[in-house]
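Hello,

Here is the structure I promised to pass on. Please open it first, then read my notes below.

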Amino acid sequence: MPIRKFNRRSFLTLVAVGIILIAGTAGFLFFTYRPSIGSGPAGPSVESKLFTSSWTTNRVLLVGLGDSVTAGFGARKGYAYFDRLIANPPDEFADLKGVNLKRVMPNLLWTNLSVSGSTSGEVPGSQLPRLPQAGPDVLGLVIITTGGNDLIHNYGRTAPREQAMYGASYQEGLPWVEGFAQRLEAIINGLNERFPAGCQVFLCNIYDPTDEVGDIAKAGLPPWPDGLRLLADYNGVIRKCAEKHANVHLVDFHQLFLGHGLHSGQFWFRHYDRQDPHYWYYANLEDPNERGYDAIRRQLLIDISHVLAPPPAGR
C-alpha cells in the first residue's frame with residue numbers, strides 16, 4: 001500500500017512538472033518568437049493570360065492617393081506596389097514577368113500623390129487639390145490607402161484625438177469614425193468631379209498586424225483594449241463606401257494580411273498560413289515589407305482585372 005501511494009504521488013508530480021514545462025515553453029515561444037520574412041513571391045496567384053493583350057487603347061490616368069503604403073515606404077525604388085503595377089523590375093518573379101498595367105493599357109499615364117504619414121483628412125485637404133481636372137477622354141484609375149494613420153498615431157505618446165486615435169476608448173472614438181466616413185465621401189465626390197469621363201476607385205481597407213489578436217503591446221506599443229473594435233468600425237466605413245458607390249471597389253488588405261503579422265509562423269493560431277508562414281510587415285509595423293508589397297500588387301491586379309479586363313472569348 002505505501003508503495004502504491006508513493007507511485008501515485010510521483011506520477012502526479014511528473015504530470016504537474018510536464019504541464020509547467022509545456023506552459024513555460026509555450027509562453028517563451030509566444031513572447032520571444034521573432035517571425036521570419038521568407039523569400040520569393042507572396043500573395044495570391046494572378047491569371048497572367050488576362051494580361052497578354054490590350055484592355056483599352058483609351059487614355060487612362062492611374063492615381064495613387066493616401067499614406068505610406070501607396071507611397072511605398074520601406075521598399076526599394078521599383079519594388080513598391082504602385083511601381084510594380086506599372087512596370088516589372090528586372091528580377092521579376094517568373095509568374096508575373098510582363099504582367100503589368102502598362103502592357104494592357106498602352107496609353108497609361110500615372111501620378112502618385114500619396115504622402116507618408118498622412119491621415120485621411122489630408123487626402124481631400126492637400127492631395128486631391130494637386131490632381132487637375134482630367135480631359136474628357138481620360139478614364140481615372142485611382143487607388144486609395146488611408147485611415148491606418150488615423151488609428152495608429154500618435155502611438156500612445158499623446159492623448160487620443162481625431163485622426164490620431166491610438167489609445168482611445170470605443171465610445172470616445174465613435175464620433176471620429178463618423179468623421180472618417182464624411183472624409184471618404186469628400187474624397188469620392190472630389191474624384192468624380194475631376195474625371196468627367198468616369199473613374200474606377202479601388203479603396204483599400206486596413207490590415208491588422210496583430211492578426212486579430214489585439215496584442216499590439218507585443219510590438220512595444222502601449223496596450224489598446226478597444227483598438228480592434230475601432231479598426232473594425234473603420235473598415236466597416238470603407239466597406240459601406242464601396243457598397244454605396246458603383247465605381248468604388250473594396251480591396252481587402254485586412255483579409256490578405258491575416259496570418260502574416262506578429263503571429264505569422266505560429267501554427268497554433270487560427271490564421272496560420274501553411275503555404276507562406278512569413279511576416280509581411282516592415283520594421284516600423286505600419287507598412288509592408290517588399291513581400292507584403294508584392295502581395296498587395298497581386299491583389300490589386302486581380303481586383304482591377306475583374307473590373308476593367310474584357311471577358312475572355314467564349315464566356
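**Notes on the model**

Leu285 sits in the loop between α9 (253-257) and α10 (290-308). Helices (H or I, at least four residues) and strands (E, at least two) are DSSP runs, numbered from the N terminus. This is a predicted model: local features need pLDDT of at least 70, side-chain atom pairs count only at pLDDT 80 or more, and totals for chains, interfaces and linings use all residues. Residues are numbered from 1 along each chain as its sequence is written, and side-chain values use heavy atoms, with hydrogens and water left out.

Leu285 is not a glycine, yet its phi is positive, near 75 degrees. Is Leu285 buried or exposed? Leu285 is buried, with a relative accessible area of 8%. Buried means under 20% relative accessible area, exposed over 50%, and partly exposed in between (1.4 Å probe, protein chains only).

Glu212 also is not a glycine and has a positive phi, about 65 degrees. Glu212 lies in the loop between β4 and α8. Glu212 is partly exposed, at 31% relative accessible area.

The peptide bond from His153 to Asn154 is cis, with omega near 0 degrees. Asn154 belongs to the loop between α6 and α7.

**Strand β4**

How many residues of β4 (residues 199-204) are buried? The count is 6 of 6. Cys199, Val201 and Leu203 point one way, while Gln200, Phe202 and Cys204 point the other way. In a regular strand the side chains alternate between the two faces of the sheet.

β4 runs parallel to β3 (residues 138-145), joined by 6 bridges. Two strands pair if DSSP finds at least two bridges between them. Ile144 has Leu203 of β4 as its bridge partner. β4 also pairs with β5 (residues 248-251), in the parallel sense, over 4 bridges.

**The core**

The largest nonpolar core has 82 residues. Such a core is a set of buried Ala, Val, Leu, Ile, Met, Phe, Trp, Tyr and Cys residues joined through side-chain atoms within 4.5 Å. Leu101, Leu191 and Phe195 have the most contacts inside this core. Contact means heavy atoms within 4.5 Å. Not counting residues up to four places away in sequence, the residues that Leu101 touches include Trp55, Leu62 and Ile304.

Start with Leu285 and its loop, then work through β4.

Best wishes
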